[in-house]
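Hi everyone, thanks for coming.

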Amino acid sequence: MVAAKGYAAQNKDTDLAPWSFERREVGPHDVQFDILYCGVCHSDLHQIRDEWGGSIYPMVPGHEIVGRVVAVGSAVTKFKVGDLAGTGCMVDSCRTCESCQQGLEQYCYNGNSQTYNGLEQDKKTPTYGGYSNTIVVNEDFVLRIPENLDLAAAAPLLCAGITTYSPLRHWKLQPGQKLAVLGLGGLGHMGVKFGVAMGAEVTVLSTSPAKEADARRLGAHNFVVTSDREQFKKVRGSFDFILDTVSAEHDYQPYLSLLKVDGVHICVGAPPTASAIKAFSLITGRKSIAGSGIGGIAETQEMLDFCAEKGIVSDIELINIKDIHQAYDRMLKGDVRYRFVIDMATL
């Protein structure tokens, strides 16, 4: 077994604390890489606290993981020792269902193996995430991190990045189309960057006027304060797509009026409560409301290569792992621009 150390929650009522554990030995198709940086996702806190139910303890969170390869199995062909590597939200899938065969492992019918708070494909071995010093992953679920990207700032691309890139690719965002990004946070700021890089006219929709300067710095062409009725009215029927990144409770209904005919409201945030939608809001304009998760492995690699070509990374604040609880507190207050990343050298 491979000795490992990390930060773990022992149950839903305890803080993260140092914990030693073991990873599996490097098998013929496995890659081991030492973790240099790990992004902090809001879902880490949800799952540590068992707010979504079904949490498995002890839990080592973290699914925005980048580092450098230290060992490869005898049958590995895609990586060698010394390569930069990363792992996002999943470490395996059934490989055989229709979704997996189409490169949509994120929608595996038999259940993919989440990077943490999940089970390996044997359905009994717990997975442990990136708040740790090293990880062993099957090479098919390891990603090549381009050398020209800032490594720490590339870590959130493996969740926040692919969560916003995937729907824009799926719905085929084209140059000149109008994209509205609802919410300017960890997901929203990546939506702005990708929309601009894909040639769209990007508008940020926000309740906070104070975010306008940052939105424009990120490349947004327009900014709408959604609580200002006049501003809101002016953009009715304007957008081909709305990328909704808001995870707090909110009403979808008013935003549907901002879409053009055949417009799509794409939900990537996950509010905790249901929202009623009037059928006529969709019928009058042949509009759609849709959802999207992360991308598959091939699409995630495509995104990383796109980021390397366009010079795109996340805006981050690098932290000491000992400050993780203060980071969670600040994250809950929206006091981060726009993603925390742990420097694992501080473990």
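**Aromatic pairs, a helix and a threonine**

Let's begin with the rings: searching the whole structure turns up seven aromatic pairs. One of them joins Trp19 and Phe21, and it counts as stacked because the ring centres are 5.0 Å apart and the planes meet at 10°. Please keep in mind that this is a predicted model.

Phe21 is a buried residue, with a relative accessibility of 7%. Another pair brings together Phe232 and Tyr255, this time edge-to-face, with 5.8 Å from centre to centre and 65° between the planes. Phe232 belongs to helix α7, residues 229–234, while Tyr255 belongs to helix α8, so this pair ties together parts that are 23 residues apart in sequence. Both Phe232 and Tyr255 are buried.

Back to Trp19 and Phe21 for a moment. Which residue joins them in a cluster linked by ring pairs? That would be Tyr128.

Now, on to the strands. Strand β2 covers residues 17–23, and it pairs with β1 in the antiparallel sense, over seven bridges. Strand β1, residues 2–8, is mostly covered, with five of its seven residues buried.

Next, please find helix α5, which runs over residues 186–197. Its twelve residues reach 17 Å from the first C-alpha to the last, close to the 16 Å expected at 1.5 Å a residue. Is this helix enclosed or open to the outside? It is largely enclosed by the rest of the structure, because ten of its twelve residues are buried. Among the buried ones are Leu187, His189, Met190, Lys193 and Phe194. After α5 comes Gly199, which has a positive phi, near 90°.

My last stop is Thr245, in the loop between β13, residues 239–244, and α8, residues 253–256. With a relative accessibility of 9%, Thr245 counts as buried. What does its side chain reach at 2.8 Å? The backbone oxygen of Leu182. Leaving aside residues up to four places away in sequence, Thr245 touches Val181, Leu182, Gly183, Leu187, Gly188, Val268 and Gly269.

How values were computed: Residues numbered from 1 in each chain as written. Predicted model: local features only at pLDDT ≥ 70, side-chain atom pairs only at ≥ 80, totals over all residues. Heavy atoms only, no water. Helix = DSSP H or I, 4+ residues; strand = E, 2+ residues; numbered from the N terminus. Buried < 20%, exposed > 50% of the residue type's maximum accessible area, 1.4 Å probe, protein only. Polar contact = N/O pair within 3.5 Å; in protein donor to acceptor, adjacent residues only side chain to side chain. Contact = heavy atoms within 4.5 Å. Phe/Tyr/Trp six-rings, centres within 6.5 Å; stacked < 30°, edge-to-face > 60°. Expected span 1.5 Å × (residues − 1). Pairing = 2+ DSSP bridges.
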